[in-house]
Structure formats: C-alpha cells, structure tokens
Amino acid sequence: MSCFLMINNWDGEDQMQATEKMARVFRMDPEEADAVVDNLANGNPWQFDHQVSDRQSEVAEPYLRSLGFDVERIPVMADDGMGLGMPMEGFVESKPGFFGKIKNLFKKKS
C-alpha cells in the first residue's frame, strides 16, 4: 500500500538546512522548497503531489520530523488499475458531469 505525505507545519531550528533537505527529499528546486518551508513556518500545510510507498514513508517521516516538520501519512484508497489512487481522508465522491447526467437519463427511460 502507499500513502501521501502531508506536512502540516515547520517549527525547527535551522530553516536553511530544512529547506535544503526538503529539496533533496522531494526532488524540487531550492527556490520551490524555500517557498514551501516559508509557508509551513507560517502555518500553511503542504502535501506532496505523488504517492509514496510505505517503505519510503517509514524512512522519510522520522527524518523530516527530525528537521522540525510535522508530518502526517494519508493512506491511499485502492488503485483503479492505472496507479491513480486517491487519499482516503477527506475523499468526496464527485458528482456526474454533463455526459454522466445524460447517460443516467437514458438509463432511467429504459
């Protein structure tokens, strides 16, 4: 199974070091990591866009916590066969779009 990593805030000692390490862990530009850590320090959460394996998250979570990050693992619902899992927490089933509504009308008339 895999998960998403949500970082709720940062309250560490060395923001430059945290920024540098975050850029390495999440493979992002230093400027992007700097903006993320600034936002975290101001109480704005951030979620990594990609799924992380349980094994990777078990290593990353304590490492990030040691740098002052408040890390949360969000389990992923079962994949749909295309590797597009969704976070379980806060998941809201979407309403049908225009074509879905038309399809439902035809089903009702049959």
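**Salt bridges in a predicted model**

Glutamate 20 and arginine 24 join their side chains in a salt bridge, with N and O 3.2 Å apart; the term means a side-chain nitrogen of Lys or Arg within 4 Å of a carboxyl oxygen of Asp or Glu. By this rule, there are four salt bridges. This is a predicted model, where local features need pLDDT of at least 70 and side-chain atom pairs count only at pLDDT 80 or more, while totals for chains, interfaces and linings use all residues. Residues are numbered from 1 along each chain as its sequence is written, and side-chain values use heavy atoms, leaving out hydrogens and water.

**The pair in helix H1**

- Both glutamate 20 and arginine 24 sit in helix H1 (residues 15–25), four residues apart, or about one turn of the helix; helices (H or I, at least four residues) and strands (E, at least two) are DSSP runs, numbered from the N terminus.
- Glutamate 20 is partly exposed at 41% relative accessible area, whereas arginine 24 is exposed at 55% (buried means under 20%, exposed over 50%, partly exposed in between, with a 1.4 Å probe and protein chains only).

**The network**

- Arginine 73 meets glutamate 61 in a salt bridge of 2.8 Å, N to O.
- This pair links distant parts of the chain, 12 residues apart: arginine 73 lies in strand S4 (residues 69–75) and glutamate 61 in helix H3 (residues 54–66).
- Glutamate 61 is buried at 14%, while arginine 73 is partly exposed at 34%.
- Arginine 65 pairs with aspartate 70 in a salt bridge, their closest N and O atoms being 3.7 Å apart.
- Through salt bridges that share partners, Glu61, Arg65, Asp70 and Arg73 form one network.
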